[in-house]
Amino acid sequence: MEARMTGRDGGADIGPIGNSPVVILVRPQMAENIGTTARAMANGGLFHLRLVAPRDGWPLERAWRAASGADRILEAATVHETVDDAVADLHHVFATCPRPRHIVKTVLTARGGAAELRQMSSRGLRTGLMFGPERAGLDNEDMARADALIRYPLNPAFMSLNLAQAVMIMAYEWWMAEDATPPRALMTNETHVATKGELDNFMRNLIGQLDECGFLRNQQKRAGMVRNLRHFFTRGEVTEQELRTLHGVVTELARGRKARATGPANS
């Protein structure tokens with residue numbers, strides 16, 4: 001293969017991750033779509049790509065230009081004359097299908113399909129995901145080779161996806177099926193979430209200054225006002241750096257008040 005076809009310095013350092021599904025593109029029509037498919041696969045940890053009767057042959061330089069560094073997926077891709085040849089060594093194959101007609105077969109969502117693929121892969125079974133040509137999708141003969149169909153539950157008024165988008169949805173669901181990233185996290189960078197002791201220290205400083213300036217002079221309301229302030233600072237996860245900033249704010253406000261009280265007009 002010519003050097004210019006391998007993209008930026010050979011592309012990203014990616015390879016197979018576990019027993020992941022094979023992506024099978026049936027009669028793909030555009031090199032750019034093959035390249036962007038490889039990019040989508042890399043995002044979701046998929047690596048194995050098989051091309052069935054690509055319209056313009058293979059390899060195609062334009063695919064590497066569109067892959068954004070997913071070169072190794074394209075370099076490892078295999079070409080097959082028929083769907084039967086592409087799936088011959090696999091145990092289970094799922095086929096994406098936007099409009100299943102006259103077919104009696106299990107239909108899964110992308111998330112459901114990814115969960116089943118994970119379960120199959122964990123048992124050492126080889127699996128595949130089959131995608132049809134850009135213009136018309138898989139035909140009935142192609143889908144007859146699949147164990148189940150996958151249909152994305154999208155806006156019924158507009159369900160149009162390009163090839164890479166369709167692959168990206170499945171790659172994402174495959175990755176997320178075993179991803180342990182918490183759904184919500186506080187990014188604290190160089191600081192940390194404040195401890196109760198650090199928060200209490202700040203509250204003593206704040207309340208002391210509020211008492212001194214007279215803000216809490218109404219004794220009947222004082223307890224409730226202090227409680228409301230404490231609720232405010234404990235409602236979220238205040239960081240130690242934020243408390244240090246607030247300490248500085250309170251100190252400067254107190255310093256300014258004292259300076260005004262001892263200024264020329266009051267001497």
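Colleague: Which residue in strand 6 is the bridge partner of valine 22?

Modeller: In this predicted model, local features need pLDDT of at least 70 and side-chain atom pairs count only at pLDDT 80 or more, while totals for chains, interfaces and linings use all residues. Residues are numbered from 1 along each chain as its sequence is written, and side-chain values use heavy atoms, with hydrogens and water left out. Strands are DSSP runs (E, at least two residues), as helices are (H or I, at least four), numbered from the N terminus, and two strands pair if DSSP finds at least two bridges between them. Here the partner of valine 22 is glycine 128, and strand 1 (residues 22-26) runs parallel to strand 6 with four bridges.

Colleague: Is strand 6 buried or exposed?

Modeller: Buried means under 20% relative accessible area, exposed over 50%, and partly exposed in between, with a 1.4 Å probe and protein chains only. Five of the five residues of strand 6 (residues 127-131) are buried, so this strand is largely enclosed by the rest of the structure.

Colleague: How many aromatic pairs does a search of the whole structure find?

Modeller: A pair of aromatic rings is described by the distance of the centres and the angle of the planes. Rings of Phe, Tyr and Trp (its six-membered ring) pair if their centres lie within 6.5 Å, and planes under 30 degrees apart count as stacked, over 60 as edge-to-face and the rest as tilted. The search finds three pairs; one of them joins phenylalanine 202 and phenylalanine 233 edge-to-face, at 5.1 Å centre to centre and 75° between the planes.
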